[in-house]
Each structure stands twice: as structure tokens, then as C-alpha cells.
Amino acid sequence: MNFTTYVKEEKIKARIKNIEEVRKDIDKTWVKQKIQNHLEAFNGLFTYDEIRADILTNTITASKFCKDPSKQNISENLAAEVLNWKKLPAQGKNCIRFNDNGDIVSASSGNTKSADFYEMGYYITQKYTEGDGGAQDNQRNDVIDFLKRGSIKYKVMAIVDGDYWDNKYRSILIEEFKNNPNVKITSVTELTENT
């Protein structure tokens, strides 16, 4: 299975669903707040009622006010589903992060991003990244930080998919950690094709 293609297809479905949701929730607080923020940004260029009516009748406008699928953990949820793995808590006292000494901690300040899974004896971070640029490089840096600090005392794995990783950066990451026996770098695609 090509996980990158699968996620792209599922994101399209999610976008359509999110357009329906913003219309259904038109009078709920989260939509009202988005409309209010837009009104403030454009300082009276539109009225609340104009935007509200346009969301209900114009798909382009609705698409600008609906939730963004890339902020809904879609790829992480799909990876869990495809691999049949249970996600770890992302916050709270039971989440898994690593500090500078490689110890497991739960506090977010100054520590790695939280592990997404624990499977096969590895603490795992999963990333799906599209495009190129600063935000994508930040995700890569988060993965590197997780692998460096976690591998001090534990076995850690990065499961990285998406055009960003598929086209260039997965192979760079593999090269960077090739001499670290506590690190494994793979993709959902690779894991599903090898099972």
C-alpha cells in the first residue's frame, strides 16, 4: 500500500466532510469565532451576515472556514488504523517524551515531542509531511530530536511518509542514523509491504 497516496485521498474526503460540518455548525461558537476573526482582519469590508450566507451557499467560501484536515491528526489516525496499533497519549502524565539525558518524561517544556506509538520494543514518532519549507523542516527537526535523545537509552523509530520524506528526506535521515543501533527509520508503506 502506498500510504502517501492513501492519506492524500483521505484528506480530500475529510475536506468535503469538513465543508459539510462548517455548514451544519454555522451557528456554533467555533464557526462564529472564525467569522468574527475574519471580520476583524478585514475591518468592515464584509458583514457577519454576508459571510454566514456565503458559507452556506458558496463552496469556496465554506472551504476557507472549515477545519483544516492537516490539523486533525488524520495521518496519525490512519497509520494507527492501517498498522492496527494503539496510539499513546499525546499529553498528560502518561505521555512519553525524552529529555536531554534520554530519560522518559511527560513534561513538554524543553523535551522532545511525544511518542505516538510503542510497538515491537520501539518508542515511535510518526510524521506525514507534504511540501517543502520552514514548517516541514521543523517537523524534520522534531523527528531528529526525538531520535537523538530517545536513542540514548531506548530503541526509537521514526515512521515518516508524505512527499517531503518520500522524495528526499527519509534517505537523508537513514544516512544520518545508520550507525545508531537504537534507531530505525521506515514508512507505513514499507511496514505494510513487508508484512
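This is a predicted model: local features need pLDDT of at least 70, side-chain atom pairs count only at pLDDT 80 or more; totals for chains, interfaces and linings use all residues.
Residues are numbered from 1 along each chain as its sequence is written, and side-chain values use heavy atoms, with hydrogens and water left out.

**Exercise 1. State how many helices and strands the chain has, and give their order.**

Step 1. Helices (H or I, at least four residues) and strands (E, at least two) are DSSP runs, numbered from the N terminus.
Step 2. The chain contains eight helices and six strands.
Step 3. Read from the N terminus, the order is α-α-α-α-α-β-β-β-β-α-β-α-β-α.
Step 4. The C-alpha trace spans about 60 × 35 × 30 Å along its principal axes.

**Exercise 2. Describe how H6 packs with H7 (residues 163-176).**

Step 1. Two packed helices are described by the angle between their axes and the distance between the axes. Axes are lines fitted to C-alpha atoms, for helices over the stretch in contact, and angles run from 0 to 180 degrees between N-to-C directions.
Step 2. The axes of H6 and H7 cross at roughly 30° and come within 12 Å.
Step 3. Angles under 35 degrees count as roughly parallel, over 145 as roughly antiparallel, 65 to 115 as roughly perpendicular and the rest as oblique. H6 and H7 are therefore roughly parallel.
Step 4. Ala, Val, Leu, Ile, Met, Phe, Trp, Tyr, Cys and Pro count as nonpolar, Asp, Glu, Lys and Arg as charged, and the others, Gly among them, as polar. The contact of H6 with H7 has seven nonpolar, one polar and four charged residues.

**Exercise 3. Classify the packing of H1 (residues 3-24) against H5.**

Step 1. The axes of H1 and H5 lie 10 Å apart, at an angle of about 125°.
Step 2. H1 and H5 are therefore oblique to each other.
Step 3. Phe-3, Tyr-6 and Val-7 are among the H1 residues in the contact, and Ile-74, Leu-78 and Val-82 are among those of H5.
Step 4. By class, the contact of H1 with H5 has eight nonpolar, one polar and three charged residues.

**Exercise 4. Characterise the largest pocket by its volume and its lining.**

Step 1. On a 1 Å grid over the protein atoms alone, a pocket is an open set of points where a 1.4 Å probe fits, with protein on both sides within 12 Å along at least five of seven lines; lining residues have an atom within 4 Å of a point. Grid points are joined across faces, edges and corners, and a volume is the space filled by probe spheres set on the points.
Step 2. The volume of the largest pocket is about 720 Å³.
Step 3. Its lining has 23 residues, and Ser-70, Asn-73, Glu-76, Lys-127 and Gln-139 are the closest to the centre.
Step 4. H5 (74-83), S4 (122-128) and H6 (134-150) each supply at least two lining residues; the largest share, four residues, comes from H6.
Step 5. The lining divides into five nonpolar, nine polar and nine charged residues.

How values were computed: Contact means heavy atoms within 4.5 Å.
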